[in-house]
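Please open the structure in a viewer and keep the sequence at hand.

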Amino acid sequence: MPVQLLNIGKGKSETLLPRHLQKEDLKHLREGFDHTNKYFQGIVALSYPLTKLGDGTDFFKVVLQGLDNLCSRTNSINILIHGKMAEDCAKIIHHGDTFIVAGYKLAKSPTAGLDGRHGCHLELSEEAGSAIYIYGKPRTTAAPETASLSVAPKYVYTPLNHLKDGTIVNLYGVVKFFKPPYVSKGTDYCSVVTLVDPSNVKLTCTLFNGNLDSLPKIYKVGDIVRFHRIKIREYNGQMQGITGVGFASLTFDGTVGAPVVPRSSSKVYTFMDEEQKTIEELRVWAASNLSISGPAAKLSGVRPMLYFDLTCQLVGKAKVDGSSFLLKVWDGTKCPYPTWKVPVEARDLEGEKVVLHQLRNLTVDVLVYDNHVQLAKSLKIGSFLRIYSIHTKQASAVDEDVSHIEFHLHGGTCYGRGIGVLPESNLDVKELKAFLESVDLADSQSTESMSSVELDSTFNNVTDLESYLQRCQQLPVTVLTDHQDLNNTELKTILNSTAPQQYRIRAKLRTYKPQKLYQSIKLHCSKCNSLQEVPDGDDFDFILQGSAVTAPNPELHNTSWYDSVMWTTQDQKQRKIAIHFVKHDEMLQQPEDTLLMIEGGTLKELWKLTKRFKCVIPVRSTEDDLELLDPSAPFLLQGNIKYYGCKQCSTPKPIKSLSSIAAEQQPSWEPTEIAQVLGIVPLQYVFIMKFTLVDATGALNVYLFDYENFFQIPASEILTNNSLQQKMQMTMNTLCPPGRKLDDLPWLECFIKSYNVRDTMTHQVYYQIFDTTVAEGVV
C-alpha cells in the first residue's frame, strides 16, 4: 500500500524498506538531479488540515525537518500529497513521527521566499507511484504496537546569554515570573513567562496557542521549563521568545529533591537520562540565586490590603453578574478576620450542599472579574487551584458596625493575576489534601462563624475595635511590587544624598501636574528616548483624505498572501476604496483573527473595521508595492488604539514584509511583531506626571513615568475610554483629595530613584517613582 505505518519491536522493524531505495540528504534535493530509487527521511514538524482542491482532489501538506539540524527552518521542506494518499496519510500522521517518502516529484517551491524553507518541495500521489513510510512515536499506553525509533534525536540547548535575533533554539530556564494562560484579544490563549539561567540573563517569552493544554504547565515561580523550537527576536535591545513552528515544552518542579516528572504540552516528547542532571543543576542554582518564595499565604495569615497567591480547593461557584463570578474555596485554615459572603441565590450556587454547609466557617468567597470569568466558569467542583495575586480589601456594609475582608481577583494580567488548575499529582496538592483530611470539622462548626461579623466573636472590647479601624485607615494607598528589603528613608536625607540611588519612602501627595489628566499621556520612543504629544485625530483624518486622492493600483491586488476587493463610493467624490485581506495557509481567516489593509478609507470607516477585524493598516499604492502612509500617521489600528512609529528611528520596509508573519503557524498579529517586520520603531503611550511629595522632614518633586503599572490602567487605552478616565480621576482624588488638610491626606508608600542630568552648563538631580502601584481597593 502507498502509505505504511512501520512498527519497531525490540529494536527491529517488522516491515523493511525496499532494498533498492537509497537515502537522499536534504542538501542534494535539487532540480536537475535523478531522484529515482531515492528516499528522503525527516521528522514531522508541522501538518496542515486535509483539504480539497478546486477539482475535488484531496490535498494534504506536511513540513518535514531534516535530521541533521532539528532547529533550523532552512533545514525543513514542504511535502505536498494528493489524492487518496493524502486522505490515508492525514488519518495516521502525528507531530514528531519519522516520515519517509519515495517516488516523489521535486519542483521549485513558490513559497520558499515566504516561509524560509527549502527552495524545492516534494509532490506525491498514487498515480506517480509514490510511497510513504511512517515510523510512529508512542501515543498512548493502549497502542503498544506503535513504538518510537530506537535512536532519539540529540538536541542542543542554548544558554540565555548566547541567544541571537532571528534564530530558533532549544533552551532550559528557571521561571522568574509568569502570567497564567489567558484568552488573548483573538481566539488564542496567551501566556507570558520570564526565564533566567546561570548566565544571569533574562528572557521574556510570549506564547500563543489555540489549545490551552499546549501551553507550558507552569504552577509557580521556580519551576523549570524546557522549550523546543522557540523563536528568538530582538526588540528594544532585549531578546524575546515567541512561539514558532513545532514549539513544545516540558515543565518540572523546581524544588530540590522533588521527583523529576515532566509536565508536557504535547503527547509526544523525548526526555533523555542526561537531562535529569540538567534539571538537578538548575534546581540547586535557583535555590541559592533566585528568590522563589513568592507571596503565597494561608487563609489564616491574610490581612487587609494584601496581594498573595492561594493554593486551595474549590467547593462552590456561582455567577454573580456579567463581569464577575464567585468561587468558594478553602485551604483548611480559618481567616482571622470577618469575611464577606457574596449574596447569591441558593439555586445559582453549584456544589454539594452538605459539603458547603460543613465548611461554611472555613470557606471564603473569592470574586473574580472580567477576563478571568470564562476560566472560572469552566472549573470543576473539587478541583485544586492556585489563584495568583488575590487582593484582600477591607470594607464595610451599610448595616454593619464592623468592617470585613473581601477577596478579589481583579481583571487583567498585571503581576501575574490568574487562575491555575493543579493536578492531584502536584506536590503542593498532595500536601494540601493530606492537611484537609486532617482538619477537624467539628471544631470549626462549634465556633461562631466569622461571616456573621459579630463584635464579640472578633474583638475583645471597643478599644480593640477602634485600634483595628485606625490601623486600617493608616494603611498606604499604594503597593510596593519589589525590593521589600529596603527601609524607609526621610525626604530630607534623600535631598542631601548624591545620585544615583534607590529609596523607599512614606509620604503624602501635596500637589500634582498636570491637573487635566488627559494631558499626562505622551508618546515615548525607547530607542532615542524622545517624547512627543499624541497627534490629534483631525491630523490623521487629513492624511487619509490626502492619500485617497491616489487611486488603488489594481496590479497590486490578489497576491499569494492577500485577497483584495475594490469598489467606488456612491457620493459625489466617488472615492475608490480597496481592502486587502491577509490570508493564512492560502485561506482567509475569521474576522477576529484577520489583519487587513485599506486604501482610500476615511477615519470613520477605519474605526468601523477595527470593531470587526483584529488589525487594520492604512496603506497607499505605489507602482511596485503597497506602502505605509505619512510617518505622522499611525501604522496600525487595533481595537480603539492607534499605534505610531518614531519618525527619527524608523526605516519603513515594504508592506510585503508582512507576508513573513502570515506564513507562521499561528500568526499573532501583535503590534510589536508587526512593527518589527515593517521596520518601525514603535512609540509607546506613557503617563508623565510631576508629584510633590511631603513628609515631616521636607518636600520632594518626583516624576511618574509609567506605561500601565502605577494606575493599573494602560496609558494606550485611556484617551478613548471614558470609564478609564473616570477611574484615573477618582484615583488621583483619593491620592490627593481636593480641599483636604495635609494631616488628612492618605499615606503613599513608594520606591523612588535619583539620577543625574548634565549638559555643558548645568547639572541637576531628578527623582522618579518605580515599582509602585496604586492599591485597587482605594477606588
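The stops below concern paired strands, aromatic rings and charges over rings.

This is a predicted model, in which local features need pLDDT of at least 70 and side-chain atom pairs count only at pLDDT 80 or more, while totals for chains, interfaces and linings use all residues. Residues are numbered from 1 along each chain as its sequence is written, and side-chain values use heavy atoms, with hydrogens and water left out.

**Strands**

Begin by selecting residues 748-758, strand β38, and residues 763-770, strand β39. Strands here are DSSP runs of E with at least two residues, numbered from the N terminus; two of them pair if DSSP finds at least two bridges between them. β38 and β39 are antiparallel and share eight bridges. Four residues separate the two strands, which form a hairpin. Within this pairing, Asn756 stands opposite Val765 in β39.

Select Leu704 to find Ile769 of β39 opposite.

**Aromatic rings**

Because Phe751 lies in β38 and Phe770 in β39, the pair ties together parts that are 19 residues apart in sequence. Phe751 is buried, at 0% relative accessibility, and Phe770 is buried as well, at 12%. Buried means under 20% relative accessible area, exposed over 50% and partly exposed in between (1.4 Å probe, protein chains only).

By the ring rule, the count comes to 13 aromatic pairs. Another to select is Trp561 with Tyr562, an edge-to-face pair at 4.8 Å centre to centre and 85° between the planes. Trp561 counts as buried at 8% relative accessibility, and Tyr562 counts as buried at 3%.

Then select Phe687, Phe691, Phe710 and Phe711, which ring pairs link into a cluster.

**Charges over rings**

Finally, select Lys298 and Phe435: the lysine lies over the face of the ring, at 5.5 Å from its centre. A charge sits over a ring if NZ of Lys or CZ of Arg is within 6 Å of the ring centre and within 35 degrees of the ring normal.

Methods
Phe/Tyr/Trp six-rings, centres within 6.5 Å; stacked < 30°, edge-to-face > 60°.
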